Amino acid sequence: MIIPDDDEYFVCALCGDEEEPNPRSRRHDKELCVRCNRLQRQVWRYGLSIAKMNAILRAQGWACALCREEPDYESDYLRPDMPTFWQIDHDHSCCNTPYSCGGCVRGILCRECNAIRLPAYERLPETLQDSTRFNDYLNSPPARSSEAEIRDADKMSNPGPFSSIMDAFFGM
């Protein structure tokens, strides 16, 4: 939201970030910072809401559902010009479009698991797919568990892409 004053300044409607976005950066929603706008587009593309993404991350323990890695909070993952650490994984056999129905979302993975590890495992012949971790993930996806149901805390007034992760990081 833009708060009018003698000197107007930018405040992201989701995360409250006051850093003025680069005017050349493409944003669908001009009330959001670049990072929140990217997250909003990502969750819409997969038929989710930010509250549902927060619920899935909470159910996964704020870590990648496969490798259990967490974002490095000191790294560039939090910079708005860097790709997000989190990737939404869905069953590609469900929706034959670039978008997802939302029902085929399995979980939230780190970039390496979503782009390299899981696709490589799924391409293996069925006789070689013997990893307990991967099979548990594929057979009981965290996004479809009862633990991933949206709770009030997932809908808090500050549901920016990293606020819930930061709350978990600082034990709030």
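**A guided look at the chain**

Visitor: What share of the contacts in the chain with a separation of 6 or more comes from residues 24 or more positions apart?
Guide: Welcome! Please keep in mind that this is a predicted model. Take the contacts in the chain with a separation of 6 or more, and pick out those between residues 24 or more positions apart. Their share is 56%.

Visitor: How much of the chain counts as buried?
Guide: A residue is called buried when its relative accessible area is under 20%. The chain has 172 residues, and the part of them that counts as buried is 41%.

Visitor: Which residues does Leu66 touch, not counting residues up to four places away in sequence?
Guide: Leave out residues up to four places away in sequence, and the list of what Leu66 touches is Leu109, Cys113, Leu118, Arg133, Phe134 and Tyr137.

Visitor: Why is the pair of Tyr121 and Phe134 called stacked?
Guide: The count of aromatic pairs comes to 1. The ring centres of Tyr121 and Phe134 are 4.6 Å apart, with the planes at 25°. Planes under 30 degrees apart count as stacked, so with planes at 25° this pair is stacked.

Visitor: Where do Tyr121 and Phe134 sit?
Guide: Both residues count as buried, Tyr121 at 6% relative accessibility and Phe134 at 16%. They are 13 residues apart, and the pair links distant parts of the chain. Tyr121 is in helix α3, and Phe134 is in helix α4.

Visitor: Is Trp62 buried or exposed?
Guide: Trp62 lies in the loop between α2 and β3, and its phi is near 60°, a positive value in a residue other than glycine. Most residues other than glycine have a negative phi. The relative accessible area of Trp62 is 18%, and the cut-off is under 20%, so Trp62 is buried.

Visitor: What is the phi of Arg68?
Guide: Arg68 also has its place in the loop between α2 and β3. Arg68 is partly exposed, with a relative accessible area of 41%. Although Arg68 is not a glycine, its phi is positive, at about 65°.

Visitor: Which residues are linked in a network of salt bridges?
Guide: A search of the whole structure finds 2 salt bridges. In one, Arg106 of strand β4 and Asp89 of strand β3 meet at 2.8 Å, N to O. Glu122 also forms a salt bridge with Arg106, with the closest N and O atoms 3.1 Å apart. The network links Asp89, Arg106 and Glu122.

Terms used
Residues numbered from 1 in each chain as written. Predicted model: local features only at pLDDT ≥ 70, side-chain atom pairs only at ≥ 80, totals over all residues. Heavy atoms only, no water. Buried < 20%, exposed > 50% of the residue type's maximum accessible area, 1.4 Å probe, protein only. Contact = heavy atoms within 4.5 Å. Phe/Tyr/Trp six-rings, centres within 6.5 Å; stacked < 30°, edge-to-face > 60°. Helix = DSSP H or I, 4+ residues; strand = E, 2+ residues; numbered from the N terminus. Salt bridge = Lys/Arg side-chain N within 4 Å of Asp/Glu carboxyl O.
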